[in-house]
Amino acid sequence: MDCQYKKASQSNTQAMMILSDIMEAGVFLLLLFPLLGIGSTLSFYGDSISFMAPEKEMDGTFKVTFYHRQNGKSNCQDQSSFSCDSGVCTGFNESSVLQTDQDSTGQGRWCQSEGHTTATILTNNASFSLRDSGCCWVSNVEGKTQWTTYAELDLGTRSDTHTVNSCPVTTTVSSLRVPQNCFSRIRILAHDPDGDEVKCRFATSGPTNFALDETTCILTSTGDIETGIHVFELMLEDFSTNNITLTYSDGTSVFREASGMNSPPLCKVKLQFSIEVLLPIPNCEAGHVQPIFLYRTPSHGDILHATVGQTFQLNAEAEARHASIHDFQVSGPQNMTKVFKDDVLGKAEVTLSWTPQLSDLYRYVPVCFTAETNDTQSEMRCVVVLVTQASTTQGKATVHCSANKMTVALDKASMPGIDENFLKLSDPSCSLTSNSTHIMGAMSFSTCGTKIEDKGDYIIFKNAINSFELANEVITRRKTVKIGFSCQFPKAISISNYYNLHNADYIFTESNFGSFGYTFEIFHNSSFTNRVEASAYPVQVKLLETIFMGIQASSELPNVMLFVESCKATPDNNPENSLSYYIIRNGCVEDETVTIYPSNKTAFNFGLQAFKFTGNYDQVYITCSVILCEPESPFSRCAQGCLKDPSRRRRRGLSGETGRHYITQGPLQFVGQPFPDTAENSQDVLMERSGTLPEVSPPPASPGTKSSEEGWEMRKIFSSNISTAVFASAFLVSVVLLGIMARYYRKNGRAEDRKVLIASEWKN
């Protein structure tokens with residue numbers, strides 16, 4: 001019995017030990033499962049959301065479709081579900097999540113997936129927001145773990161587009177990498193389908209020594225950045241550039257002021273991404289080890305067009321002379337394919353192909369890409385692909401490229417049913433002309449909205465002809481026209497003597513005046529026959545030297561008149577610089593040294609004494625506004641001449657004249673010592689030259705600060721840099737010299753003394 005009890009007791013003890021082991025194992029397994037779950041999400045690299053335009057249903061509800069791209073390490077297909085705040089969504093219809101790109105090296109370093117969801121939203125809400133959150137960010141310098149995705153959309157109908165607002169479009173590639181010593185900038189895609197102003201800001205505090213330009217959405221460094229992975233959480237917000245009214249389903253409405261930063265944004269979209277800062281490399285030159293994109297590659301921010309049911313293709317080409325490009329990393333839509341090809345010369349190219357479906361109609365699709373090597377990658381470029389129906393007309397265009405301008409001619413036969421009165425260039429102030437067979441436009445490389453782009457081995461000048469709609473139109477039956485054209489020049493040759501340094505030729509087109517142009521030149525003397533060659537720019541001058549400048553107009557019309565309405569100087573090539581000085585204003589000469597020389601009715605020749613801006617400025621640019629008129633028109637701006645009171649200017653619609661166009665010349669660069677060596681002498685000469693100083697536009701005063709125009713007064717000759725110590729030590733000698741000079745001045749007269757001082761200065 002005892003024996004049996006002992007055996008039974010031993011058996012019970014063994015059973016308890018086994019049960020204890022099982023329970024411990026169970027606890028371990030219960031603990032292990034969450035760890036495995038966390039481990040699977042430890043590789044969150046970031047994500048983005050892009051919306052399609054919301055649609056209002058017959059039952060009054062809204063259907064909002066959004067696309068979610070998630071970046072990760074080895075497996076990106078496990079996306080969690082979104083939720084609506086405040087219960088405004090009555091349903092979510094989620095699609096399957098597909099992996100769109102992954103690391104081709106087999107190391108599983110990065111991947112990206114995309115899924116889309118359609119939310120049904122109740123109509124009694126002015127806005128709706130959605131969010132998702134989880135753990136964990138990839139191990140990073142900032143030590144962040146939790147991530148949150150967020151977007152918020154206003155559901156009011158806009159008075160300008162008669163539709164619900166569209167949110168900014170953005171995304172990034174999955175893995176951004178840059179050597180520590182080569183970080184310069186990262187451009188973030190921020191396109192708004194409504195043409196609103198998009199501002200970018202850090203949603204939370206940004207990583208140390210990184211700065212974000214809220215207007216351009218460009219990320220830069222402000223100091224030394226630590227190696228390792230940094231995570232970024234950005235918020236993109238859009239603000240209308242025009243005054244609009246938002247009307248809601250319940251009949252209420254609100255007013256939004258143009259770019260009113262005090263008003264809430266129309267939409268908020270959060271963008272999350274990571275950047276790996278790598279160890280330094282010996283050479284940061286683009287194209288050496290870091291790949292550089294070549295001219296076949298679309299520019300950052302380009303708007304491309306795809307058609308439902310037709311294959312869209314995007315080609316990109318890159319080069320790294322001392323590294324091997326093994327892949328292109330791509331952030332794109334589901335079912336986009338890529339074909340990679342490289343050669344032995346360090347160049348590689350990729351062709352992206354995608355066929356939009358009917359469900360993609362009117363979708364704005366962000367596409368970003370980088371060229372990859374083992375040690376680094378190229379800059380990230382992003383474009384937007386707009387999906388339209390086949391009714392979008394491309395047309396046949398012939399483009400002629402010359403040294404300083406381009407002309408385009410559209411074949412009307414290739415665009416049947418197109419209303420030429422609703423076509424415009426990138427800058428709508430430049431008009432198109434037409435005849436029975438073609439629609440034509442001509443422009444210089446610096447006018448009419450022409451964009452200058454650096455494509456690595458080429459310089460590209462781009463413009464476009466687009467159709468437009470009237471602001472008060474609710475419906476339209478006109479076809480959409482989108483025709484881009486460009487001129488490209490290899491960097492290896494001299495594109496044009498006028499490019500960059502020498503702004504001379506300006507070409508414009510207006511319906512009533514046809515094509516016309518202006519040349520703005522600097523001449524060697526008052527004969528205005530020998531101009532300064534482009535190779536001499538920037539033109540070196542000395543203070544008080546007379547500068548001879550001439551403007552010449554040319555027109556297809558035989559009888560026109562040139563009128564120079566204003567000319568002002570700035571210390572850089574920005575005519576809107578608040579630091580400026582008017583030489584001519586409202587047709588009236590304001591600088592007393594200006595001499596206007598006789599010329600024909602299409603020319604304006606003048607001279608003035610050279611001056612500089614006080615402060616650390618050694619260059620001056622001159623910008624003039626010019627107008628062409630019909631000479632027989634008594635009400636034109638040309639006939640009015642100098643207007644002391646600008647309010648008396650007659651409206652352009654009542655007169656035969658062109659619009660006001662701006663042309664710039666410069667820079668003038670100053671050489672040699674400014675002039676006399678003492679403050680007293682310089683003031684004497686200053687008064688000899690001008691008596692009293694002309695008015696200079698001061699920069700705006702800071703809030704709460706009293707403006708001091710005296711502090712911004714222009715001193716045309718120079719500003720004294722003599723130190724107090726030197727001035728004091730030379731004081732007695734200066735007094736004696738000034739006494740002698742005063743007697744000499746009284747004897748010979750002010751004008752003669754001025755010549756002596758100038759001659760003496762040039763000899764020194």
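Reply: A residue is called buried when its relative accessible area is under 20% and exposed when that area is over 50%, with partly exposed covering the range in between. The model is a predicted one, and the part taken up here is strand β16, which spans residues 228-239.

Of the 12 residues in β16, 11 are buried, so the strand is largely enclosed by the rest of the structure. Strand β13, made of residues 197-202, runs antiparallel to β16 and is joined to it by six bridges; within this pairing, C200 has L236 of β16 as its bridge partner. Strand β19, residues 267-278, is also antiparallel to β16, with 11 bridges between the two, and here D238 is partnered by C267 of β19.

K144 forms a salt bridge with E233, and the closest N and O atoms of the two are 2.9 Å apart. This pair links distant parts of the chain, for K144 is in the loop between β8 (127-135) and β9 (146-154) while E233 is in strand β16, 89 residues away. E233 has a relative accessibility of 7% and therefore counts as buried, whereas K144, at 21%, is partly exposed.

Another of them is formed by R363 and E114, with a distance of 3.2 Å between the closest N and O atoms. R363 sits in the loop between β25 (347-354) and β26 (364-372) and E114 in strand β7 (residues 111-121), so that 249 residues separate them and distant parts of the chain are linked; both of these residues are buried. R256 is in strand β18 (residues 253-256), 102 residues from D154. Both partners count as buried, D154 at 9% relative accessibility and R256 at 11%. Salt bridges with shared partners also bring R69, E114, D360 and R363 together into one network.

Covalent links complete the account, with 10 disulfides in the structure. One of them joins C182 and C284, whose sulfur atoms are 1.9 Å apart; the torsion about their S-S bond is about -80°, so this disulfide is left-handed. Because C182 lies in the loop between β11 (176-179) and β12 (185-187) and C284 in the loop between β19 and β20 (292-293), the pair ties together parts that are 102 residues apart in sequence. C182 is buried at 11% relative accessible area, and C284 is partly exposed at 30%.

Another disulfide connects C588 to C642, with 1.7 Å from S to S, and its value of 95° about the S-S bond makes it right-handed. C588 belongs to strand β42 (residues 588-589) and C642 to the loop between α2 (637-640) and β46 (661-670), 54 residues apart. C588 counts as buried, with 5% relative accessibility, whereas C642, with a relative accessible area of 39%, is partly exposed.

Note on methods: Residues are numbered from 1 along each chain as its sequence is written. This is a predicted model: local features need pLDDT of at least 70, side-chain atom pairs count only at pLDDT 80 or more; totals for chains, interfaces and linings use all residues. Side-chain values use heavy atoms; hydrogens and water are left out. Buried means under 20% relative accessible area, exposed over 50%, partly exposed in between (1.4 Å probe, protein chains only). Helices (H or I, at least four residues) and strands (E, at least two) are DSSP runs, numbered from the N terminus. Two strands pair if DSSP finds at least two bridges between them. A salt bridge is a side-chain nitrogen of Lys or Arg within 4 Å of a carboxyl oxygen of Asp or Glu. A disulfide is a pair of cysteine sulfur atoms within 2.5 Å.
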